[in-house]
Amino acid sequence: MRAPSLLHIALVTAALATVPFVTGSNVVLNFLAVALVIALVGQGWNVLGGYGGQYSFGHAAFFGTGAYVSAILQVRYGLNAWLAFALGIGGGALVGAAIGALTFRSGLKGSYFALVTLAFAEVLRILASVAPITGAGVGILVTLDLRPQAFQFQSRAPFYWIILALVAISLVIVRLIEQSRFGAWLVAVRENEDAAQAVGVDTTRVKLAAMTISAAIAAAGGGFYVQYFLFIDSGIAYGPWISIEALLASIVGGIGTVFGPLLGALVVKILGELTKLVTGDAPGLDLAIYGSMLVLIVAFAPHGIAGVLADLRSRFARWASSVVERAHG
Amino acid sequence: MLSPGILVPAILNGLLTGAIYGLVALGLTLIYGVLHIINFAHGALLTAAMFAAFFAHRLLGLDPYLAALILTPLFFALGYCLQRFVIGPAAHGEDRNILLVTLGLAVVIENLLLYAFSADTRTLNLDYAFNVVDLGVALLAVPRVMGFGAVLVVGLVLWLILSLTDTGKAIRAVAKERLGAELSGIDVGHVYAVTFGLGTACLAIAACLLIPTYYVNPHIGNAFVLIAFTIVVLGGMGSVMGALLGGLFIGVVESLCGLYLGESLGQIGIFVMFILVLLLRPRGLFGERA
């Protein structure tokens with residue numbers, strides 16, 4: 001598929017930005033805001049998993065760190081919410097860099113990498129569920145303070161625009177990576193790490209940089225989540241749900257593509273809501289459907305929706321040119 | 001320090017629990033050793049087996065030890081079909097895809113169980129569950145002693161299958177040299193599926209040994225499988241002996257950590273050890289290859 005230009009990103013963002021003018025429904029805005037959080041964390045996953053080929057099963061570690069750092073700095077240390085949000089991103093990036101340094105130095109890849117990221121997220125979850133600073137089993141409530149300077153708003157629309165802006169920034173970042181030398185190294189690592197190393201790519205450093213960026217993006221999702229819901233606990237922050245939805249969005253939408261995670265998050269979330277409409281609020285069924293989507297997509301559309309669309313487009317182009325040929329012949 | 005009166009029972013109980021851990025890990029390591037994949041659906045399959053054992057008693061009145069005779073072949077068939085008809089075809093021969101497919105299966109199985117049986121925790125009340133044997137130094141629960149013995153028998157049977165039967169030889173051949181095995185006429189797809197079936201059958205036995213003294217809920221498998229991952233990594237991926245010894249070792253470590261540090265921190269001890277082993281010695285203590 002041809003790489004989308006910055007203009008495409010601007011157009012998609014502008015189109016999504018009009019939603020609050022079209023509908024004042026909080027249900028729609030809530031739904032889209034949550035879907036965009038997943039798109040953002042999924043984009044983070046995509047940098048490392050989609051472009052770098054390192055499948056993390058524990059992006060909750062970064063999402064949760066972004067959320068907790070932001071909440072703790074605000075509630076326990078009285079820091080400004082925006083500053084706390086920024087430091088949360090930094091904290092997530094730091095955790096990503098630390099885990100990346102440990103795992104990539106020891107040469108862990110493939111299944112081992114998936115396992116060790118999963119284990120780190122679980123360790124953080126257990127620690128957060130017992131440590132006093134994270135509110136242990138109770139979690140942290142962010143004090144209600146509905147002012148823009150406190151990163152809280154009266155209505156849902158400003159929240160929606162902020163998460164949309166964050167997603168747009170992540171789209172631009174990934175687009176820039178894709179076109180850069182660093183992006184080429186990253187794809188080289190994914191396609192054949194030994195060969196990449198043989199031609200002089202410092203694969204450990206490339207993977208480490210990708211993991212840090214990936215973690216920072218996921219942490220931004222966590223920080224936003226805290227402002228939006230004003231609550232975080234160990235299950236939400238470090239639970240497996242966010243790790244799974246992040247990789248699912250990326251894979252369903254189209255792994256290693258700029259728009260994949262956004263597309264995937266919207267499709268996955270819409271399917272989730274439809275299931276709830278049909279079955280009522282039965283626990284488990286939406287996740288069971290996500291799981292089967294994961295299996296089906298891997299089995300039948302390994303390049304995700306973006307891949308299917310590209311395939312259809314080229315088929316249509318071939319069909320159109322054959323029609324034209326026949327008309328001329 | 002604690003007196004031997006507390007320490008010895010803690011170690012013995014750790015060994016008994018560790019044997020079950022070892023059996024769960026055995027299934028995982030067998031699959032890894034032959035297919036070179038980490039089966040992320042292992043925990044969910046254990047949960048499914050525990051529910052099966054639970055309802056075999058609740059609905060059919062089957063004693064868990066009798067249920068094992070039925071559930072083991074049933075889960076062998078389930079594992080065989082999963083690998084042959086779902087994981088194998090869906091993965092297109094790419095390791096990364098297998099990771100995702102087994103993860104997807106885990107999510108599906110776990111949440112279908114949650115949907116069907118809700119998050120409630122269930123226990124069986126068997127009249128022999130609280131019987132104990134008195135060793136003089138310690139009192140040990142009878143079902144757990146039986147579990148320990150059963151694991152040893154399963155380990156022995158598995159070893160016999162792998163070393164004496166034609167299928168066992170084919171499995172070992174594929175584990176050693178896939179292409180060579182294929183060239184000499186071994187049906188690799190079949191061997192993969194049989195191995196996956198054997199790994200899943202281990203879970204059915206583990207579930208039947210666990211259910212008399214344990215509880216079941218839709219997330220129970222996760223607790224075991226993370227321990228099993230630790231054991232498999234510690235014992236060396238693909239090493240059958242490593243899995244059993246690693247299981248006993250982790251059982252004792254967990255029991256002692258729980259004694260000194262309390263329940264939740266004891267759990268962290270296992271994870272920390274897991275991460276350390278992965279980082280420092282990813283081949284494990286008995287493993288031959290990375």
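Mentor: H3(A) and H7(A) run roughly parallel to each other, since their angle falls in that class (under 35 degrees roughly parallel, over 145 roughly antiparallel, 65 to 115 roughly perpendicular, the rest oblique). The model is a predicted one, in which local features need pLDDT of at least 70 and side-chain atom pairs pLDDT 80 or more, whereas totals for chains, interfaces and linings use all residues. Residues are numbered from 1 along each chain as written, with chains lettered from A and ligands numbered from 1 in the order of writing.

Helix H3 of chain A spans residues 26–51 and helix H7 of chain A residues 156–179; their axes come within 9 Å and cross at roughly 20 degrees. Helices here are DSSP runs (H or I, at least four residues; strands, E, at least two), numbered from the N terminus. Axes are fitted to C-alpha atoms, for helices over the stretch in contact, with angles from 0 to 180 degrees between N-to-C directions. H3(A) passes H7(A) in a left-handed crossing (near helix turned anticlockwise from the far one by less than a right angle; clockwise is right-handed). Their contact is made up of 18 nonpolar, five polar and one charged residue (Ala, Val, Leu, Ile, Met, Phe, Trp, Tyr, Cys and Pro nonpolar; Asp, Glu, Lys and Arg charged; the others, including Gly, polar).

A second pairing lies within chain B. Helix H2 (residues 42–60) and helix H9 (residues 220–235) of chain B pack at about 135 degrees, with 8 Å between their axes. That angle makes H2(B) oblique to H9(B), and the crossing is right-handed. On the H2(B) side, the contact involves B:His42, B:Gly43, B:Ala44, B:Leu46, B:Thr47 and B:Met50; H9(B) contributes B:Ile220, B:Gly221, B:Asn222, B:Phe224, B:Val225 and B:Ala228. Contact means C-beta atoms, placed from the backbone, within 7 Å. Seven of the residues in this contact are nonpolar and five polar, with none charged. B:Leu46 and B:Met50 are also among the residues in contact with B:Ala207, neighbours within four places in sequence left aside; B:Ala49, B:Ala52 and B:Ala53 complete that list.

The third pairing joins the two chains. From H14(A), the residues in contact are A:Leu285, A:Leu287, A:Ala288, A:Tyr290, A:Gly291, A:Ser292, A:Leu294, A:Val295 and A:Val298. Those from H4(B) include B:Leu100, B:Val101, B:Leu103, B:Gly104, B:Val108, B:Asn111 and B:Tyr115. The classes are 15 nonpolar and five polar residues, with no charged ones.

This last pairing can be set against the contact between the chains as a whole, to which chain B and chain A each give 34 residues. On the side of chain B that touches chain A, the elements giving two or more residues are helix H3 (64–91), H4, H9 and helix H11 (263–280) of chain B. H4(B) gives the largest share of that side, 15 residues. By class, that side of chain B has 26 nonpolar, six polar and two charged residues.

How values were computed:
Contact = placed C-beta atoms within 7 Å.
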